[in-house]
Amino acid sequence: MSDMETPEFRGRSGEGRGPGGERGERGERKDKKEGGKGGFFRRRKTCKLCSEKVDYVDYKNTKLLLAFIPERAKILPRRMFGTCAPCQRKVRTAILRARQMALIPYSTE
Amino acid sequence: MSQRQYEILFIAEQNLGEPEVDTLTATVKGFIEKENGTVEKVEKWGKKRLAYTIGKNREGSYVLMIANAPGSAMAEVERRMRVTDGILRFLAIRIDAEMKKADRKKTIRGKKESTRRASVREKDRAFEGGAQ
């Protein structure tokens, strides 16, 4: 339905409110960017490990693991990296192992 | 008894020289062989700086071993390693299952990839045929 109206017609203060009670601002934003329910756009993160086809996350491969470790050396939640659940699990165990063997730090001061 | 593949990584103390690390490696190898296991590969990483100090050690010599041994043997090997002087820390993990999984994934993907490529080629050919 919003496709029918031209975006120029819709004012900021909601003069161009559609019949369904839809706010003009929303329509405006929709035109600028992307649309969707949430209002603002979040780029869908994809699992790095899946796309790079890493089958086995080795705890000895510190180069790979360090990509998942921020400054403070905490393991960040999945939503930060966009890893899929199985991959995050693999990364987690690998990091824990590497930490135990002093390959990567538990924390940095 | 079924043999399983294990990966053992241990850190030797920093004050040990290379010959001492070698003898330490030999002793660990002895532990495994005593329990009807075989050592497939030994990889010496040399002295590396530790990410944090372990009991006054700022660096340590890493040795990686891949061994085939029954599961019951590994308990004994681990116990012996724990009481061996000179070993700062060790990690023994079973890798056969994970490696198998990884291999399977790889082969499945290989198959998928080849079929996909084939279908693309098919399409290309059809397209070229239509153009001519």
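**View 1. Four strands of chain B form an open sheet in this predicted model**. The strand order is β2-β3-β1-β4 (chain B), and the pairing is antiparallel; strands (E, at least two residues) and helices (H or I, at least four) are DSSP runs, numbered from the N terminus, and two strands pair if DSSP finds at least two bridges between them. Because β2 (38-54) and β4 (87-94) of chain B stand at the edges with a single partner strand each, one side of each has no neighbour in the sheet. From one strand to the next, the twist averages 20°.

Residues are numbered from 1 along each chain as its sequence is written, and chains are lettered from A and ligands numbered from 1 in the order in which they are written. In this predicted model, local features need pLDDT (the predictor's confidence in each residue, from 0 to 100) of at least 70 and side-chain atom pairs 80 or more, while totals for chains, interfaces and linings use all residues.

**View 2. β2(B) runs antiparallel to β3 (residues 57-69) of chain B**. Here 11 bridges join the two strands. Look for Val42(B), whose bridge partner in β3(B) is Met65(B).

**View 3. Helix α2 (residues 71-83) of chain B packs on the sheet**. This helix touches β1 (4-12), β3 and β4 of chain B; contact means C-beta atoms, placed from the backbone, within 7 Å. The direction of α2(B) makes about 170° with that of β4(B), where axes are lines fitted to C-alpha atoms, for helices over the stretch in contact, and angles run from 0 to 180 degrees between N-to-C directions.

**View 4. Chain A meets chain B**. The contact takes 11 residues from chain A and 14 residues from chain B.

Note on methods
Two residues are in contact if their C-beta atoms, placed from the backbone, lie within 7 Å.
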